[in-house]
Amino acid sequence: MVAPGQDVTVRVPATSANLGPGFDSLGLAVGLYDTVRVRTSGEPGTVVRMSGEGAATLPTDGTHLVARTVRLTVEAAGYSLQGLSLDADNVIPHGRGLGSSASAIVSGVLAGNALLPSEHRLDAAGLLDLCSRLEGHPDNVAPALAGGLAISWEEDGVFRSVSAPVHPDIIPVAAVPANELSTESARGLLPAQVPHPAAAANAGRAALLIHALAAEPSLLPAGTVDFLHQEYRAPAMRASAALMAHLRAGGLAAVISGAGPTVMALAHGVDQACRAEELIAEHLAAAGTAEFWRVLRLSVDRDGARVEEHQRY
């Protein structure tokens with residue numbers, strides 16, 4: 001049994017996966033954060049209180065994703081959990097391609113892990129593997145856990161990831177539409193096979209992207225060219241695809257963030273970030289849709305998720 005009276009706070013960054021050619025393998029942590037505080041008690045049941053994104057629509061009982069994940073993590077270690085209260089401050093937009101579900105899973109796994117006796121806690125590799133299994137793939141959970149740029153893969157049935165450097169001048173600029181898009185819907189548009197030349201070209205661009213992010217940001221427009229998923233998904237997010245094309249025509253490294261519909265520009269320096277914001281405003285004004293979008297100048301999060309264990313109450 002997990003001891004009652006424990007009190008844990010977890011803060012997890014948003015993430016932008018794929019980054020163009022890095023389909024299901026690359027992800028970048030960015031400076032938007034969900035914060036969850038979890039307390040245990042000896043009274044059975046689950047109570048969830050929320051503020052921010054999804055507060056009016058998400059469940060407030062044991063079916064809440066973070067609460068479910070806390071209990072699952074504890075049970076996977078052979079423990080049980082009676083009372084659980086959860087306070088969530090949600091900042092990451094939901095269903096927009098910024099890793100909100102990955103953030104919830106990482107929050108739940110880290111909180112559940114912190115509630116366990118130290119000798120039964122998962123190490124970093126175990127946390128990555130469990131989070132990836134619950135999410136279905138590692139591209140969002142890996143950067144959410146570790147921060148920065150994560151390169152992830154599956155080997156012998158185990159999910160793995162390494163961190164890669166990110167140039168200090170890179171500034172992510174996100175254009176977030178009001179409408180949501182489920183990852184399942186976007187993934188359903190992908191073909192079962194792609195031509196070999198497209199796969200080969202994509203591999204080259206993904207390698208170039210890692211170099212551009214680390215050392216030569218001027219190559220980001222070339223490094224973010226994708227041959228595997230964005231064109232196929234465009235019919236589900238025509239406004240996003242049009243905005244991305246407008247930014248790329250202006251010389252910027254713009255991509256669909258995750259499964260969309262957020263558009264992410266990877267700007268090289270403050271001047272280019274300002275240029276990205278100007279081009280976004282220009283395009284949205286011409287389309288008459290500016291009121292339906294949020295434009296966020298972000299930072300690259302380099303720390304990843306953080307856990308704070310409070311004194312028992």
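## Asp34 and its surroundings

In this predicted model, a polar atom of the Asp34 side chain lies 2.9 Å from the backbone nitrogen of Ile92. Asp34 sits in strand S2, which spans residues 22–41, and Asp34 is buried yet takes part in no salt bridge, the nearest side chain of opposite charge being that of Arg11 at a distance of 10 Å.

With the same exclusion of residues up to four places away, the contacts of Asn90 are Asp34, Met50, Ser51, Gly52, Glu53 and Leu58.

## Strand S4 and its partners

Strand S4 covers residues 83–90 and is mostly covered, with 6 of its 8 residues buried. S2 and S4 run antiparallel and are joined by 7 bridges, and within this pairing Thr40 has Leu84 of S4 as its bridge partner.

Strand S3, residues 45–52, runs parallel to S4, and the two are joined by 8 bridges. In that pairing the bridge partner of Val48 is Leu86 of S4.

According to the UniProt annotation of an unreviewed entry, the "GHMP kinase N-terminal" domain covers residues 65–148. In the model, this span is 55% helix and 10% strand, and its end C-alpha atoms lie 25 Å apart.

## Backbone geometry

Most residues other than glycine have a negative phi, and most peptide bonds are trans. Against that background, which residues other than glycine have a positive phi, and are they buried or exposed? Asn18, which is not a glycine, has a positive phi of about 75 degrees; Asn18 lies in strand S1, residues 7–18, and is buried with a relative accessible area of 3%. Asp156 likewise has a positive phi, near 55 degrees, but is found in the loop between strand S5 (149–155) and strand S6 (158–164), where Asp156 is exposed with a relative accessible area of 77%.

The peptide bond that joins Gly260 and Pro261 is cis, with omega at about 5 degrees. Pro261 is placed in the loop between strand S8 (254–256) and strand S9 (263–268).

## Salt bridges

Side chains of opposite charge can pair when their charged atoms come close. How many salt bridges does a search of the whole structure find? The search finds 10.

In one of them, the side chains of Arg37 and Asp7 meet at 2.6 Å, N to O. Arg37 lies in strand S2 and Asp7 in strand S1, so this pair ties together parts that are 30 residues apart in sequence. Arg37 is partly exposed, with a relative accessible area of 29%, whereas Asp7 counts as buried at 5% relative accessibility.

Arg96 forms a salt bridge with Glu180, the closest N and O atoms being 3.7 Å apart. Because Arg96 lies in the loop between S4 and helix H2 (100–115) and Glu180 in the loop between strand S7 (170–177) and H5, the pair ties together parts that are 84 residues apart in sequence. Arg96 is buried, with a relative accessible area of 8%, while Glu180 counts as exposed at 55%. In a further salt bridge, the side chains of Arg160 and Glu155 meet at 3.3 Å, N to O; Arg160 counts as partly exposed at 42% relative accessibility, and Glu155 is partly exposed as well, with a relative accessible area of 35%. Salt bridges that share partners also join Asp7, Arg37, Arg39, Arg49 and Asp87 into one network.

## Leu298 in its loop

Leu298 is found in the loop between strand S10 (293–297) and strand S11 (306–309) and is buried, with a relative accessible area of 10%. Not counting residues up to four places away in sequence, Leu298 touches Val30, Gly31 and Leu32, together with Ile171, Pro172 and Ala174.

How values were computed: Residues numbered from 1 in each chain as written. Predicted model: local features only at pLDDT ≥ 70, side-chain atom pairs only at ≥ 80, totals over all residues. Heavy atoms only, no water. UniProt positions renumbered as here; feature names shortened; annotations may be inferred. Helix = DSSP H or I, 4+ residues; strand = E, 2+ residues; numbered from the N terminus. Buried < 20%, exposed > 50% of the residue type's maximum accessible area, 1.4 Å probe, protein only. Lys, Arg positive; Asp, Glu negative; His and termini not counted. Salt bridge = Lys/Arg side-chain N within 4 Å of Asp/Glu carboxyl O. Polar contact = N/O pair within 3.5 Å; in protein donor to acceptor, adjacent residues only side chain to side chain. Pairing = 2+ DSSP bridges. Contact = heavy atoms within 4.5 Å.
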